[in-house]
Amino acid sequence: MDGGREPMNEANSTAKSRRRPRITPARARELFMSEHVVDLMSEHAVDPNTVRKSISASWVRCKEWQVSVDPFELPYEPNLDRESQLAHSAAAVLSEAHAGLANEPVSIILTDAAGIVLDRRTGDAALQHKLDQVSLAPGFSYAEQFAGTNGIGTALESRGPAEVFGHEHYVEHLEELACAGAPIRHPVTGKLLGVVDLTCWRRDADPKLLVTATNLANRIEEAILEDVGRREFALLRQYLAATRRSLNPALAISDDLVMMNDSARDLIDSRDQEALLGQATEALAAGKARVFSTILPSGATAQVHCQPNEPGFVGGVVQVQLLAPEPAASRGLPGRTGHTPTGTVGISPRWLKCCNDVEAHFTSGEWLDLVGEAGVGKLAVARGMHLAHTPAAHLGVLDADDCPAAASGWLDEVARALAGETGTLILRHIDRLPATVMRSLSAVLEASLAAAGTRPWVACTRWSGAVVSRELERLIWCFAGSVEVPPLRHHVEDVPEIVDLSLARLTKRGSLVCSPDAMRVLMRNRWPGNVEELLGTLRKIVTHRRTGVIGLADLPADCLAITRRLLSPLESIECDAIVEALISADGDRAKAARHLGMSRATIYRKVRDYGIAVPKQSAR
């Protein structure tokens, strides 16, 4: 008997059976497809012994993506990269495995990181015919957002081994099959390269199927490591160690290879990068560690640390520290080129640039318009800047949502705040004010600007998606400049610091921390509600856990169900542009591709790579 469960006598068993009769996976799937079960992962939805948690989470993702059950259309990539590192290194392993399974009704399938089938080895004619019928063939993508729950797509989404049997598949026509997929990672960088999958008839499924797939993935990774070579391995290991230790710009240089981290790309312009490469290459050629300072073409000063590769190999790793005079913006933050306002955290270039721009307006006394999506932290930035520079002065916050229909009292409060000589006034959600109130507020602000003498610093916040009417435009013109506060998906590298600070505040003891696995899931989320949505998720967690370590089991179901790979800031911007184009094109990929100036094949690949849920086209 399982010691973790309450002993159950026959009467209890009979009573529980009457309350929730056991159902088959096929029936569970049918119920989930209906409108009666919205949250399959709820403990009251289905028997967890019938549908495994990994399968139910996948079903939820498929429903979010609006995966078609029958028929399902899979994107096709005609130009396969059969010469890729993965395909080359896996070829011998797959050939040997296929020879050992030649008389078995099992197919060995290799895909890339987007779920596109690169290679398929099948010795059974009937099984091969079935796989052709369901397009499990080279060129087609079995990513979860296209093919639903399956060994390939679910392994890619979960970043771990996955097995799917019969009716656990989300789409029709796959219930006769069983599949087990194991992810393949680059042995040095850890990057997900693809999946090796074993597919057979459901009736022939063997418990060792997943073990075999995992062993094949390990052998392919070993083959990749052997092909990479000792020189590249040594340099990559040295580079990764350097980037883990520091957030400063870093580069890896060899005869035929140059790598740089996000900080180097974002903080050093192209002219400076070229100059640094030339000087660093010359310094590394001497074969000795060296530190030197240099003035770059842009006028910036940098301290350069050069560490050669292992003896006998050319090249090495270069770390760069950009130097500048000690500005107000860097007080208390040695080694950083920016300052986050009191009460906020962040180290990403985009967040620091936003904070620096806000600080420039604050220190000059220029009124500022803060614009951004809901929940990005516009109020937090403005309030934090006040607390960082003038904590003893008055801080007033007036929200348009609190403005009554008869706005005279609200406008009087604005006028009283403007009459002070110091302090800060923050006007929230000005885009929500009625047009008549906008006109009156503009007149109050314009009168204050025209008056002689000192005045408080004034900042306003507004939603970036609001329509700018003539009245709102006049109101915005009262502010000397505008700064956009970036959405969280554009500086997702700040999530760990935000999580740590928020947990310390919510628990008031700092005794609750986030595990690496849970943090990776949080960082892969797109967070459409931005920082506010992340904080809401953390508040849910602390209702049932206030000390210890947050694991995957502690995360809300919606976090597990919509996990994506981590996008870089540039990828997030491109992803947003594609989403907007698809919405404008009513889900028509070809039309959206023309608008963006890319081919149809490219937009299919981007949609697949970024995990975009394409809106359904309206009936014509």
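**Close-up 1. The lining of the largest cavity in this predicted model is made up of 6 nonpolar, 4 polar and 1 charged residues.** The residues that line this largest cavity are Leu-136, Tyr-142, Asn-150, Gly-151, Ile-152, His-169, Leu-174, Leu-177, Cys-179, Asp-197 and Thr-199. Two or more of the lining residues come from each of helix H7 (151-158), strand S4 (177-185) and strand S5 (192-201). The space within the largest cavity amounts to about 70 Å³, and the count of cavities of 30 Å³ or more comes to 2.

**Close-up 2. The second largest pocket has a volume of about 790 Å³.** Its lining consists of 33 residues, of which Gly-377, Ala-380, Val-531, Glu-532 and Leu-535 are the closest to the centre of the pocket. The elements that each contribute two or more residues to this lining are H13, strand S14 (457-463), helix H17 (495-507) and helix H19 (530-542). Helix H13 gives the most to the lining of the second largest pocket, with 6 residues. Sorted by class, the residues around this pocket comprise 13 nonpolar, 10 polar and 10 charged.

**Close-up 3. Helix H12 (residues 349-364) meets helix H13 (residues 378-389), with axes that come within 10 Å of each other and cross at roughly 60 degrees.** At this angle the two helices are therefore oblique to each other, and H12 passes H13 in a right-handed crossing. On the H12 side the contact is formed by Trp-351, Cys-355, Val-358, Glu-359, Phe-362 and Thr-363, which meet Val-381, Met-385, His-386 and His-389 of H13. The residues of this contact fall into 6 nonpolar, 3 polar and 1 charged. Helix H13 is also found in the previous view, where 6 of its residues belong to the lining of the second largest pocket.

**Close-up 4. Helix H14 (residues 408-418) packs with helix H15 (residues 435-450) at an angle of about 15 degrees, their axes lying 10 Å apart.** Because angles under 35 degrees count as roughly parallel, H14 and H15 are described as roughly parallel to each other. The crossing in which H14 passes H15 is right-handed. From H14, the residues Trp-410, Leu-411, Val-414, Ala-415 and Leu-418 take part, and they meet Val-437, Ser-440, Leu-441, Val-444, Leu-445 and Ser-448 in H15. By class, the residues of the contact of H14 with H15 are 9 nonpolar and 2 polar, with no charged residue among them.

Notes. Residues numbered from 1 in each chain as written. Predicted model: local features only at pLDDT ≥ 70, side-chain atom pairs only at ≥ 80, totals over all residues. Heavy atoms only, no water. Axes fitted to C-alpha atoms, helices over the stretch in contact; angles between N-to-C directions. Helix = DSSP H or I, 4+ residues; strand = E, 2+ residues; numbered from the N terminus. Parallel < 35°, antiparallel > 145°, perpendicular 65-115°, else oblique. Left-handed = near helix turned anticlockwise from the far one by under 90°. Contact = heavy atoms within 4.5 Å. Nonpolar A, V, L, I, M, F, W, Y, C, P; charged D, E, K, R; others polar. 1 Å grid on protein atoms, 1.4 Å probe; cavity = no way out; pocket = protein on both sides within 12 Å on 5 of 7 lines; lining within 4 Å. Points joined across faces, edges and corners; volume = space filled by probe spheres on them.
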